[in-house]
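Please read them with the structure open.

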Amino acid sequence: MGKIIEYDDQKKPLRMLGTHTDITERKQMETELKESELRYRILTEYSPVGIFRTDSSGGTVYVNPRWCEISKLSFKEAVGDGWLNAVHPEDKNMLIEGWKKAASEAISSKEEYRFLHKDGTVTWVLGYAVPLKNDLGSVIGYIGTITDITKRKESEEALRLSEAKLNESQKVARLGHYNFDIATGIWTNSRMLDELFGIDKSFTRDIAGWTGLIHPDDRVQMHNHFQNHVLTQKNKFDKEYRIIRHSDKKEIWVHEIGDLEFDTEGKPIEMFGTVQDITYSKRIEETLRKLSQVVEQSNVSIMITDKEGRIEYINPKYSEVSGYSFEEVVGQNPRILKSGNHSNELYKEMWNTILSGKNWQGEMNNRKKSGELFWEWVVISPIVNKAGSITHFVAIKEDVTDKKKMIEELIKAKENAEEMNKVKSYFFASMSHELRTPFVGILGFAELLEETLTNSEEKEFASQILKSSKRLIQTLNKILDISLLESTEPVLNLTDLDVNELITETGEMFVQYAKVNNTAINIKAEFAGGKIISDKKLLEAILSNLVNNAVKFTHNGIIEITSKKNTVDETDHLEIKVADTGIGIPKEKQAIIWQEFRQVSEGYNRSFEGTGLGLTITKKYIDALSGKIHLESEEGKGSVFTVEFPVTFSKI
Ligand code: ADP
């Protein structure tokens, strides 16, 4: 007789079922089978592992008590597809798909999934299932186990979280870590170090790999430091060096710190360390270094005080100028330089300005340590922090004592020069009078003599006196004119005048003189638009000088005097041209003829009369009329002088 025990939900035995057969051999076999089933059942009932069995269609037909304990489901809730309701919704699909695949291929399956219990808690399980086959090899169901792996999963998650946090903090600090196995020469590293070095999994992490990443200029030094100072002498690695990032070849500054670990015999077995990206702070350090060098080597005095005005810093120039050393002034108030020559109002105004956040600048008379007074040009600016509050003041000061002295001397020199000019003007006015007056007599009487004398030889003497006197008075006039022009600007005497008339009359004055040289003068006065407002005397002088030169330097030729109206930039201009076919001016001399006393033919052998002042005076007069003069000339062919200046038309 065999017996089968049936249980209720609480796993208490309900009843025992039994059969009676009269066949001894079969009975014996049945007995053995039942005993084996019983053993199996007892094994499953008390198994510490959750066990389940399904039929050929996949429906659960059996779960053991441990299974119920893990899933927190009753036997009834578990059978069929009921157990699936307790599977975590996020894992359900994966589990069903896995099952389907295993069933379709009649293979075993292994899944990790969660039960989401009614009380909201979660249990992680590892489920195994293997197909049960009959003698013909057909799958008649699955038998499987589940084990509670919640603890393992929780510690895995905790590990994952702490790794994520570590990665995150390494990212923030731009710091990665590594482990270097000294025996194998291979290092491993954190994710952040991958990013710093620009490397991936395929990078060979050995000593050569690390050395290859180092900037060529730092490579030998770092490699030697590692081999000798660290590996041989067993010291810490602590160095700042540059790497060339593998991925984008960018130069990066890193600070590496590494420590050795030793075995029981004191032999180094491992090195553990960190590598931090310090490019940003290096850049700031570099900028600061440059800035502080600028300040240190500056040619102006620089002083920094705190907001109460206590000196925190002075540069070497400050010491050089004031005579105070750094140590002597630090902590002191800048009033140690006070000369006592400024009113309290000045200092008050200065403090009010800088305390309101503005710059103050001004000149200050200060006293050196030696007692000597000196002048400084001072600019004081407040230094504010991010919140906008003043933390310090910086004063930049330039010693302007010499400059001030120079300006004073210049002012004195200018005043002297002005005084001298005045004296000169008086001198010229009186000289002009004193020299010209006698000439009136000489010229008048020479002319009278020339007319009244009958003896031809005597007449000739009188004519020579007249000619020489005229030349002398011309020269005298020019010298007086240029001297006057040097000390004073010509004063314009503006009147309405007819340009064409002025040009024609002036030109005609030279016709006789030109005839002596067998030269004709053609006048084409064609300035259109009527009378202009200008200085008649200046215009006459300009034209006379130019025509006089043309006549002087032209023999057997033609002189053309033209005038016309030009419009330049919508302004009316008067253009006067004096063109001759005379000896011309060589290119290399064209620049000098405008200078005082300069002539093309100079020295004792010069071939023409003249002072070399005409063009200089002409140019100054043209300047006074805001005009321009231009020369085109070719040696042997002639010269063209073009004068042009803006004009205002007369209303008459
Ligand atoms: P100067 O009293 O000597 O004529 P200017 O200043 O008027 O003084 O002229 C300077 C020099 O320029 C002249 O000596 C002469 O060499 C040259 N020059 C001026 N005008 C002419 C011209 N029309 N043709 C040739 N040379 C000229």
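**Notes on the model**

1. Start at the cap. N455 caps the N-terminal end of α14, with a side-chain oxygen 2.8 Å from the backbone nitrogen of E457. A polar contact here is a pair of N or O atoms within 3.5 Å; within protein, one must be able to donate a hydrogen and the other to accept it, and residues adjacent in sequence count only if both atoms are side-chain atoms.

2. Ground rules. The model is predicted: local features need pLDDT of at least 70, side-chain atom pairs count only at pLDDT 80 or more, and totals for chains, interfaces and linings use all residues. Numbering runs from 1 along each chain as its sequence is written, and side-chain values use heavy atoms, with hydrogens and water left out.

3. Length of α14. Helices (H or I, at least four residues) and strands (E, at least two) are DSSP runs, numbered from the N terminus. Helix α14 holds 32 residues, 456–487, and should span 46 Å at 1.5 Å a residue; its end C-alpha atoms are 47 Å apart, which agrees. The expected span is 1.5 Å times one less than the number of residues.

4. The buried side of α14. Buried means under 20% relative accessible area, exposed over 50%, partly exposed in between (1.4 Å probe, protein chains only). The buried residues of α14 include A462, L466, I473, L476 and L480. What do the buried residues of α14 pack against? They pack against α13 (401–452) and α18 (614–624).

5. G141. This glycine sits in strand β7, residues 139–148. G141 counts as buried because its relative accessibility is 0%. Leaving out residues up to four places away in sequence, G141 touches T54, D55, S56, V130, P131 and L132; contact means heavy atoms within 4.5 Å.

6. Ligand shell. Of the 20 residues around the ligand, N549, D580, Q599, V600 and L615 come nearest. α17 (536–552), α18 and β24 (638–646) each supply at least two shell residues. The largest share, three residues, comes from α17.

7. A polar side-chain atom of D580 lies 2.9 Å from a ligand nitrogen. For Q599, a polar side-chain atom is 2.6 Å from a ligand oxygen. L615 uses a polar backbone atom, 2.8 Å from an oxygen of the ligand. The protein covers 97% of the 530 Å² of accessible area that the ligand has on its own (Shrake-Rupley method, 1.4 Å probe).

Note on methods
A residue is near a molecule or strand if one of its heavy atoms lies within 4 Å of it.
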